[in-house]
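Biologist: Please show me the model. I have some questions about its fold and its side chains.

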Amino acid sequence: MTTHEGAERWQVKRGTVAERNKYMFNNPLLSDIKFSFPDDTIIPAHKYVLAVSSSVFFAMFYGDLAETKDTIDIIDCDPDTFLSFLCFIYCDEAIFKDTHSAVKVMLLADKYDVPSLTSEIVKYIDGEMNPSSAFELLAFARQLNEKGLEGLAGR
């Protein structure tokens, strides 16, 4: 059995499941799926971790018509947005540069059915809301049929 560089006894160094999950974020160790982007970026992931957070990923990887490829092409977002989305799934952390990046992640949360992330984004946007961003956010809220975000933009 081969070991990955720096991976020996990594579990012992991380005392909680949360810490171990965080270690696996964007880590090829034990990865069984990759996401490929038009700029040739490859992001490794773990089907199980994705499936326990998203009914869409569950169906994609474990459903009757499960995906058999080991690489999924992502063409509807950039790698940074996808990493922010995965960061929440792996680390339970919602970190955004600004409201525009948060809305881009919200599109993924909607697409992959991760309502807990959508809730975190609505809270973030509520704290960042200003009059100049309200109209843009209202358009996104209506597109997503997201009543919580629509309510914020309509204030």
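Modeller: This is a predicted model. Start with the cysteines: the structure holds zero disulfides.

Biologist: How far from the sulfur of cysteine 87 is the nearest cysteine sulfur?
Modeller: A disulfide needs the two sulfur atoms within 2.5 Å. Cysteine 87 is in no disulfide, and its nearest cysteine sulfur belongs to cysteine 91. That sulfur is 4.3 Å away.

Biologist: Is cysteine 91 buried or exposed?
Modeller: Buried means under 20% relative accessible area. Cysteine 91 has a relative accessible area of 13%, so the residue is buried.

Biologist: What pattern does the protein chain follow along the sequence?
Modeller: The secondary structure comes to eight helices and three strands. Read along the sequence, the pattern is α-β-β-α-α-β-α-α-α-α-α.

Biologist: Which residues does leucine 50 contact, leaving aside neighbours within four places in sequence?
Modeller: Leucine 50 is among the core residues with the most contacts inside the core. Its partners beyond those neighbours are Ile33, Phe35, Ala45, Phe57, Phe61, Leu86, Ile89 and Tyr90.

Biologist: Is phenylalanine 88 buried or exposed, by its relative accessibility?
Modeller: Phenylalanine 88 has its place in helix α4. Not counting residues up to four places away in sequence, it touches Glu93, Ala94, Val114, Ser116, Leu117 and Glu120. Its relative accessibility is 7%, so phenylalanine 88 counts as buried.

Biologist: Which residues form the nonpolar patch on the surface?
Modeller: α2 (47-53) and α3 (55-62) each supply at least two residues of the patch. Together the patch residues have about 470 Å² of accessible area. They are Tyr48, Val52, Phe58 and Tyr62.

Biologist: How many residues apart in sequence are the parts that aspartate 76 and lysine 111 tie together?
Modeller: Aspartate 76 forms a salt bridge with lysine 111, and the closest N and O atoms are 2.6 Å apart. Aspartate 76 lies in the loop between β3 (71-73) and α4, lysine 111 in helix α5, so the pair ties together parts whose separation in sequence is 35 residues.

Biologist: Which residue in helix α5 does aspartate 78 pair with?
Modeller: Aspartate 78 is in the loop between β3 and α4, and its partner is 26 residues apart from it. Their side chains meet in a salt bridge of 3.1 Å, N to O. Aspartate 78 counts as partly exposed at 27% relative accessibility.

Biologist: Where do lysine 123 and glutamate 120 lie?
Modeller: Their side chains meet in a salt bridge, 3.1 Å from N to O. Lysine 123 counts as exposed at 53% relative accessibility, whereas glutamate 120 is partly exposed at 31%. The two are three residues apart, about one turn of the helix, and both lie in helix α6.

Biologist: What share of the 155 residues is buried?
Modeller: The protein chain exposes about 9,200 Å². Carbon and sulfur atoms supply 53% of that area. Of the 155 residues, the buried share is 38%.

Definitions and conventions
Residues are numbered from 1 along each chain as its sequence is written. This is a predicted model: local features need pLDDT of at least 70, side-chain atom pairs count only at pLDDT 80 or more; totals for chains, interfaces and linings use all residues. Side-chain values use heavy atoms; hydrogens and water are left out. Helices (H or I, at least four residues) and strands (E, at least two) are DSSP runs, numbered from the N terminus. Buried means under 20% relative accessible area, exposed over 50%, partly exposed in between (1.4 Å probe, protein chains only). Accessible areas come from the Shrake-Rupley method with a 1.4 Å probe; for residues, only the protein chains shown count as cover. Patches are made of residues with over 30% relative accessible area and no salt bridge: like charges are joined within 9 Å, nonpolar side chains (Val, Leu, Ile, Met, Phe, Trp, Tyr) within 5 Å. A salt bridge is a side-chain nitrogen of Lys or Arg within 4 Å of a carboxyl oxygen of Asp or Glu. A nonpolar core is a set of buried Ala, Val, Leu, Ile, Met, Phe, Trp, Tyr and Cys residues joined through side-chain atoms within 4.5 Å. Contact means heavy atoms within 4.5 Å.
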